[in-house]
Amino acid sequence: MTNTTVLVVGGGLNGLTAAALLAHNDIPCVLVERHPDTSIQYKFAGISPRSMEIFRSLGLEEEIRANRTGDQQAGAIARARNLTDPEIQWGGPAWPDASALSPTQPATCDQHVLEPILRRYAERNGADIRFSTELVAFEQDENVVRAEIRDIATGVKDAISADYLIVADGANGSMRERLEISRSGAGGLQHWINVVFDTDMPPTIGGKRFTSCFVTDLNGTFRPGRVDDGFWRSNTFPKRARNPRILMKPGAGN
């Protein structure tokens, strides 16, 4: 039996941030995540000024900026039929200058880079982080949450008693249904996939740097990858996207 104050279900950005904040305030917590490790995909990128304020309060601002994977203030948001389209619609940067409102600025740190930073901080400050661990069952009364968890690799089970339960298992998690929390609205509108690739094309269109470009021929978005190598690594589009016309050609970014 493990006794703790807070049980966190889900080890993504929200769960790891919750664990880091709890550990920072000396509140015992156990986090369980069914995946074997933190994210292997870039997924999330931009960190808002408010989120950076929170990470700054943990003393993580310098480490996050040292591991930045882009710059959402240096490039603009673009929209075009394809990457050779001469008629490009340009918007502003993903995040504007926040210096008049905040002591810190937004940052760009892909999820597969940011999650390990949060995990290390939480563990270093006393959080009990358990990956490859799933929540099997739970029940609660007015005083306590009782849960059963299982180590996926070994099959060993453990009982946990907690004062509070934080659900952070994401949109594809099962906790919403298990807690009988209903949803309303149109439901899923599209299913998207990520394609990660390398190319030596510079992250510019017509000589202008961009943070992301919505490509209407593909009905998807191209986003340059890390700032330290000049390569692109991402493209997100619906699973039922039409076959694209020309998206890139040699020299198109020059």
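Among contacts in this protein (heavy atoms within 4.5 Å) between residues at least 6 apart in sequence, 65% join residues at least 24 apart. Bear in mind that this is a predicted model: local features need pLDDT of at least 70, side-chain atom pairs count only at pLDDT 80 or more, and totals for chains, interfaces and linings use all residues. Residues are numbered from 1 along each chain as its sequence is written, and side-chain values use heavy atoms, with hydrogens and water left out.

**The overall build**

- You'll find five helices and 15 strands here; these are DSSP runs numbered from the N terminus, with helices being H or I of at least four residues and strands E of at least two.
- Of the 254 residues in the protein, 42% are buried (under 20% relative accessible area, with a 1.4 Å probe and protein chains only).

**A look at isoleucine 160**

- Isoleucine 160 sits in strand S10, which covers residues 157-167.
- With a relative accessible area of 2%, isoleucine 160 counts as buried.
- Leaving aside residues up to four places away in sequence, isoleucine 160 touches Met1, Thr2, Thr4, Leu7, Val30, Val145, Arg146, Ala147 and Ile149.
- Arginine 146 is 14 residues away from isoleucine 160 along the chain, yet their C-alpha atoms are separated by 5.8 Å.

**The open pockets**

- A pocket is an open set of points on a 1 Å grid over the protein atoms alone, with protein on both sides within 12 Å along at least five of seven lines, and its lining residues have an atom within 4 Å of a point.
- The largest pocket has a volume of about 1400 Å³, where volume is the space filled by probe spheres set on points joined across faces, edges and corners.
- His35, Lys43, Asp169, Gly170 and Asn172 lie nearest the centre of the largest pocket, out of 39 residues that line it.
- Elements giving at least two residues each to that lining include helix H1 (13-24), strand S2 (29-33) and helix H4 (111-124), while H5 has the largest share with four residues.
- Sorted by class, the lining of the largest pocket has 13 nonpolar, 15 polar and eleven charged residues (nonpolar being Ala, Val, Leu, Ile, Met, Phe, Trp, Tyr, Cys and Pro, charged being Asp, Glu, Lys and Arg, and polar the others, Gly among them).
- The second largest pocket has a volume of about 190 Å³, and of its 13 lining residues, Leu13, Asn14, Thr17, Ser51 and Phe55 are the closest to the centre.
- Two or more residues of that lining come from each of H1, strand S3 (46-47), helix H2 (49-57) and H4, and H1 gives the largest share, four residues.
- The lining of the second largest pocket splits into eight nonpolar, five polar and no charged residues.

- A cavity is a set of points where a 1.4 Å probe fits but cannot get out, and the count comes to one cavity of 30 Å³ or more.
- About 120 Å³ of space lies in the largest cavity, and Gly70, Asp71, Thr211, Pro224 and Gly225 are the closest to its centre among the 14 residues that line it.
- Strands S13 (208-215) and S14 (220-224) each supply at least two residues of this lining, with S13 giving the most at three residues.
- The cavity lining divides into four nonpolar, seven polar and three charged residues.

Definitions and conventions. Buried means under 20% relative accessible area, exposed over 50%, partly exposed in between (1.4 Å probe, protein chains only).
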